[in-house]
Amino acid sequence: MKLHSPGFEKGLRRKVRRAIKGSPELKREFRAARKFRKQYHITILARPLVSLGLALGILQIWEKTNHVASAFAVISLWCLVFVFLHAQRLITSLYGAADLQVFGVLPIPESTVFKWELQRFFVGTIWAFADICAAYAAIALRGEFSLTKWCAVVPLSIATWIEAIALAALCVAHFPRFPYQLASSLLILSIFVLAIARDFVGLVVVRLIDACATNLNLVLPTGWPVSLSQGLLFGDAWAALGFLVPTGVVIWSLKDSLSRLASDYLFKEKLLPEAPDLVPGISDSDLDGSSSGSERPARLGQTAIEEIVQTRKFLAPPDWGGPGWLEATFWRWCSKRERVLAEFVFPNGLAFSKGWRSIFRNLVITCVAALACGLVSPAAEMWLFGVGLFIAVCQVLAHVLATGRAFQLVPCSGVNIHLYASYPIGFCELGVFLFKYSLSQAPVVLLFSLTSSIVLFHICGLSLVLGAWAGLKVTGLLVVSRFLFLAFGFSSGTNDTSRIRVRSMLLILLAIAFGVGFAALGGASLLLPNQIAAWLCLGAAALDAYVFFRLYGWFYNRNMFDLMSLPRH
Amino acid sequence: MKIELRALTKSYRSIRALDHVSLQIEPGQIVSLLGPNGAGKTTLLRCLAGIAAPDSGSIYLEERELKRDELELRRQIHLLPDFPFHFWDQSVLRNIAIVLRIFEADRDGAEDRVLELLRDFDLLPVALRPVSSLSRGQAYKAALVAMIAADREVWLLDEPFASGMDPNGIDAFKRHARVAAVRGRTILYSTQILDVAERFSDRACVIHKGAIHAFDTLESLRERASDKGNVLSEMFRQLRETV
């Protein structure tokens, strides 16, 4: 699909080129602009290295396990990462693309914009296809495939790729509120940590994958086309054809998911009925109730509004001592200034009890389903629990690490800035407030971690006491990781718009060093058999996170970088 | 509050937005920032608001260097960009209240001031409506009411006269800004409307290619100009000719 006129653009480009040739100043600007383009090319050149890394990883796993199923299981897991990643990308493309603002003022129907953004999303998934092709090519090389099998690799790669996209679309269409960004970040971080610490944990992970490779390809939806490929290329082709059905169903669902998304697609200004007046101290439902039966929204007269202003009702600080015990405890703990920040960061009020109820419901369902599945297949029990736990952990992180509106990007005279940066809100005061917010949820995090780790240890046949200790340590790690995430949160809207400087490079190196340090110490605190050493590692991880937070704050407070980022085009 | 910029430099990669800008703005002045597109006006406002970090040079407010951890100092600066920040699902009054609380300006008497401003800017009838249901001009006026009510020492406004405000709103803004300047507030605004700048500023600061081309009172500029009626237009013509 093309939303432009190639002929017109060609003519325009010719004229612009002529104008640039005639002006030395424009030539200088053109050369400066070209520098940005060169940086973009470097990113494109670096991406194939990831595909190459995946191919090499698959070859290594096959070499170590001597099982082709393990090599295929890596493709299933890789595609699972891409499901979360693409789900987030699809949401961003459809609802957060920079060009939507432009389309909003142009006479283009929404269906066209939907197709356009979808097309851009599909183009963006090409790299995932390259990864899958590289992975299958590695298997084909190692398996010394005949020409016929090599030919079969191409349609199988396409099927695997489209199935992953279909799953991503399915997730977005049916579960749009799931924290996909967090999930994909966690998975990418895990791959990164695995790549760095492969000498320590590599063998354990390889054994884990090898032990359950076949079950993994069976349980994970991304494993169905992979199992089909494995069967067709290595085993019983007729039995493998059975995987055509679930793979086909998932691919077929793509059409339904996209039409579901298209039917709800509204990026333009929506004409809503007139909103009722928002009276301080009176909930919307109360006001709606008072106006029931009339078509006009509830309105207060000018005198009533004047009274609200004059009696300082509108200036009365909110009282968010409810609705749950958690909220009440947090609210009591906040200082006067922190309550002001709470209102700024969470203007719609505090409500984390409801979310936690849903998390515990999901955890109970996961535990029951996994334990029931364990009666049939112990390996599948572990993977089922693993997938369920991963989803629940993503929800937990979304709650514990919530930042409300603080880091929401808002346009400010041509650039994007975080909402907090537009007001006199300090790094430390906001950081401490958000840390308190996480810490206040520690009791429920502890309950979640204890339950899940005890069940996990039971499934793995390990001591339940050790499981309880692990639960305690996971709670500690989750809470102190807030400091790291806070620094990254602040950093997500900052930029060094000047030349590449030593201090920026230093900060990036520090972020990597402290991040890796935290992961290593956190991992050691969970894996070390000696409890004293493990708790010392946990303390060191907490210190690592806090020191990085303060270090970042030092850079921040000394105006070492801008608090703005240029809009993405 | 006296503002002093000492050799402020800011680049965006190879583009120098501010080039060793030195300025001294006395309190109680309304200063218009003028210049062609891309001259560095908005960058100057961003640096003053602490959003952009200068490559070199520094900003002083009453002889105190402006740093991000100087919260007391930062609370004296209020930035209003071309598209104001709002909690769009909240009412006008709630937005004003949040801003007042953030700036710690919700002291006694704030309610009378807010009421007066809501009346002046014709926002009283819509004060309880969500900002998202207002027109662009009304949303800007809501942010302006919050700014005037918070009454900080330094007001920074990016293109306030291209904000969609109606003539009554513009008039009310000018009136309140003038009164605030008399009280010692320093008001910096960028604009491309030269007629407005000529009538509504004590000093004009003309920026060109990141450097200060002129910074003087309108009277002084008029004395030097050949076309005394259109001093700023003449200056812009000269700038174009030098290009």
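**View 1. Domains of chain B in the predicted model.** Domain 1 of chain B brings 12 residues to the contact, and domain 2 of chain B brings nine residues. On the domain 1 side, helix 1 (41-49) and strand 7 (154-158) of chain B each supply at least two residues. Strand 7 of chain B gives the most, with five residues. By residue class, the side of domain 1 of chain B that touches domain 2 of chain B holds eight nonpolar, no polar and four charged residues.

**View 2. Contact between chain A and chain B.** In this contact, 47 residues of chain A meet 46 residues of chain B. Five elements of chain A each supply at least two residues of the side that touches chain B: helix 2 (24-46), helix 15 (302-310), helix 17 (336-345), strand 1 (409-412) and helix 24 (531-557). Helix 15 of chain A accounts for the largest share of that side, five residues. The residues of the side of chain A that touches chain B comprise 28 nonpolar, 10 polar and nine charged.

View 3. The buried residues are A:Glu338, A:Val340, A:Leu341, A:Ala342, A:Glu343, A:Phe344 and A:Val345. They pack against helix 20 (427-439) of chain A and also against helix 3 (92-102) of chain B.

**View 4. Open sheet of three strands in chain A.** The strand order is 1-2-3, and the pairing is antiparallel. Strand 1 and strand 3 (564-565) of chain A are at the edges, each with a single partner strand, so one side of each has no neighbour in the sheet. Strand 1 of chain A is joined by four bridges to strand 2 (residues 415-418) of chain A, and the two run antiparallel. Within this sheet, A:Val410 has A:Ile417 of strand 2 of chain A as its bridge partner.

**View 5. Open sheet of four strands in chain B, with helix 1 of chain B.** Here the order is 2-1-4-5, again with antiparallel pairing. Strand 2 and strand 5 (64-65) of chain B are the edge strands, and each pairs on one side only. Five bridges connect strand 1 of chain B with strand 4 (residues 56-61) of chain B in the antiparallel sense. B:Glu4 stands opposite B:Tyr60 in strand 4 of chain B. Helix 1 of chain B packs on the sheet and touches strand 1, strand 2 and strand 4 of chain B. The direction of helix 1 of chain B makes about 65° with that of strand 2 of chain B.

**View 6. Positive phi at B:Ala7 and B:His20.** B:Ala7 is found in strand 1 (residues 3-12) of chain B. Its phi is near 50°, a positive value in a residue other than glycine. B:Ala7 is partly exposed, because 13 other C-beta atoms lie within 10 Å. B:His20 lies in strand 2 (residues 15-25) of chain B. Phi of B:His20 is near 50°, also positive in a residue other than glycine. B:His20 has 15 C-beta neighbours inside 10 Å and therefore counts as partly exposed.

Conventions. Residues numbered from 1 in each chain as written. Chains lettered and ligands numbered in written order. Predicted model: local features only at pLDDT ≥ 70, side-chain atom pairs only at ≥ 80, totals over all residues. Buried ≥ 20, exposed ≤ 12 C-beta atoms within 10 Å, placed from the backbone. Domains from an automatic or database assignment. Contact = placed C-beta atoms within 7 Å. Nonpolar A, V, L, I, M, F, W, Y, C, P; charged D, E, K, R; others polar. Pairing = 2+ DSSP bridges. Axes fitted to C-alpha atoms, helices over the stretch in contact; angles between N-to-C directions.
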